[in-house]
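I opened my notebook to look up a few places in this structure. Here is what I wrote down, entry by entry.

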Amino acid sequence: MYVKSVFAWCFLLSCSPSSSGLEWDDVNDIFGMTKNVVEYVSKSWDIVDKVPEHVGSENTPLIWFTKKRERSILTNFGRITQIVRSMQKETDDIRSIMLSNLNKLQSMSDVVLNGIQINELLESVRSIENDFKTMEEYKYGENDSNEKSRNTYSSYTLERFADAMLSFTSGAPIKQMAKIHTFIIPDLEGFKFHTHGGIFNILKDTMAKYKEGPGMLCDQKQSLQQMVFNLYGTLHLTQLKGFSVMQFSWMLLQTYGKGNFTYERTNQMIQFEKRIEEQLNALKYTMSSSSNIFWRCDPEKHIKDKTYLEVTELLQGYIENEADMNYEHSCMQNCEYYSVAEHKSCFNDQFCAKQHVCNGRILNCQYIDSDMRICQSKFGSSRRYDYIAYEKGRTLGDSSDCKGTMSNVDSWWTFLVLHCSYCFCICDSNEPSSDRHFSLRPSLSNIDQNKVVTGLRFIKIKQMFHLQVQEGDLGPRATINEDSRQWVELPGTSFTFRNKTLKNGVDYHTLSYASRSIDLDNVMAPEKMVITGVKFRLIGSHLNLEVRVTPFDFMTGKLIEPQNKSYWIGNENTELTDGSPRSEIYLNDLDLPTKASISSEPDMSSNKFLKFTHSSIDRDVAQSTIPFIDKQTVDPYPGVPLSGVGIYYKGVKSYGGFIGANVFTYDFSKDLNIKLFSIHGV
């Protein structure tokens, strides 16, 4: 009856035991691992239940047969530990993260499940882990078939251990497994409590309720939905270990003639099946209502070109005398007259001869004061000025230190009646040194090799900003081979705005005063599809995100006709679209985001846009371009296919903020099914 049950389970999991012994499949996830463990349990019971002829005869003493069967049982347990370890060595850090997060939950107020503290759950996990480690010491490895080649534990020691594992004391595996199950499915008679409580929902709700929640997620590099699934995987693996220890303990006791344990082992399998189904349903319910978005919080310390990037010299504060904005050197107008102007000359080699002139348009001039001290930034800086201190007391920028050249700049009178004023303006000049170019080339995973996008980041090469994807091999049940993850190569060194064979508006986009908008969207793949590429395109004067999506088979992990069935999607709405126009995020008079003393708050909503602009005149002399660009990699760990990609804005009041990439991890909840590792018939 038990063997029938196991093989029914194995059939549903596509088990394939060979005639010469089991050949376990590559273990990609908890489902494949469970399948292989059950296969070896079944194989081991075949050995235990078999009674060879001539046992107990003069030529085949009973003690010899007992030791041989004991050796076979422990060898098979050794193979089970190999299965577990083959997966666990890849996930030890994930398990550590999850157990650490449980400790964090324990420290938060009101995080109690059915009157039981979370530290009791941690204690149950540790107890079963210790039992499994103890039994690992007793196992036979692949090279231990000759008993004389190794020191072995006595049958008495093994029997005492098995007795302890099958007892009903509070620390026994059966009790600890029941406690773990109660944490996942709180026991409330006649009521599906997992829809309202349980450790999965507590994790989800706590993350949403407490401010520490988003930070915890950013620290762990995974979406909330991933975190819930990984917690499930951690607890399932622990229970599978407890199940294995109990099964092999019964095998040992039956080998030692302590009884026939067919009923016990079969009953445990039924109970294990029932708990798997209940826990999987609880997981599915919680995952379906958990966010699958992942983005990066601010780093502990902002470091230019490491954690963030800057567009430079796009719109920049600039001092120009009105006499130099016309060929006649006339001062008959005032600063406000020059809302759109150009540098025309340099009268009498005044301050204009000491600074890098604006070679483009001069915009929005205003009069602040006639005389000033100007700290020009050191050579090679993307800034023109560190600060400007006016005679009447107003100071633009941080005047605590001048690292460049100090100049005294005074307006003058001409003909004793006309005042030639120095104006504060905005320079719109496309200098060769300006970092303001965005690649329009796609970044693609290799769909011919069944690779999908697993991460995203902004990167700058030769003054060109790129969206770069990370790719990884897609496996069965949407698993990703961690060793296969790599960043896709970008265009070579010839891909630069200086290359005359490349075209602005086709190969790349150059920001300017009239064309400096970027759309903020979350672009989601349709069901049963994953992301296989990203790129920027131009819609009018807006940079707009577009993603390539490809259908795939969840069970096999194979992309479906990727060359024919992949296509690009995006949000084509503009601020003039009827019914659903884009709304603008205004960035006016804001300081540098790296000066903020608190972490940025994200705005993850779609159908918005913002314009790159200059920083605050008073606090930064309008020398920088905001927002900055978050350079941190957005690659959830462990690797997972993506069902969406976005560009979003995050910031703090009074500061310029950042734009960054965010991703949506694939939603497993719709594919979770008990048939992934089900038991039918006993």
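Predicted model: local features only at pLDDT ≥ 70, side-chain atom pairs only at ≥ 80, totals over all residues.

**Entry 1: a loop residue.** Then I looked up S566, and I found it in the loop between α11 (562-565) and β23 (567-570).

Is S566 buried or exposed? I read a relative accessibility of 19% for S566, so it counts as buried, because the cut-off for buried is under 20%.

Next I checked the partners of S566. Its side chain makes a polar contact with the side chain of T550, at 2.6 Å. A polar atom of the S566 side chain also lies 2.6 Å from the backbone oxygen of P562. Leaving out residues up to four places away in sequence, I listed I447, R548, V549, T550 and E561 as the residues that S566 touches.

**Entry 2: a helix.** Which residues of helix α5 (residues 155-165) are buried? I found L158, E159, F161, A162 and M165. They cover an arc of only 160 degrees around the axis, which puts them on the same side of α5.

**Entry 3: a sheet.** I followed an open sheet of 4 strands, with antiparallel pairing, in the order β3-β12-β5-β4. Its edge strands are β3 (316-321) and β4 (340-342), and each pairs on one side only. On average, neighbouring strands of this sheet are turned by 45 degrees against each other, direction ignored.

I then looked at one pairing: β4 and β5 (residues 361-366) are joined over 3 bridges in the antiparallel sense. There, V340 stands opposite L363 in β5.

Key
Residues numbered from 1 in each chain as written. Heavy atoms only, no water. Buried < 20%, exposed > 50% of the residue type's maximum accessible area, 1.4 Å probe, protein only. Helix = DSSP H or I, 4+ residues; strand = E, 2+ residues; numbered from the N terminus. Arc of directions from axis to C-beta. Polar contact = N/O pair within 3.5 Å; in protein donor to acceptor, adjacent residues only side chain to side chain. Contact = heavy atoms within 4.5 Å. Pairing = 2+ DSSP bridges. Axes fitted to C-alpha atoms, helices over the stretch in contact; angles between N-to-C directions.
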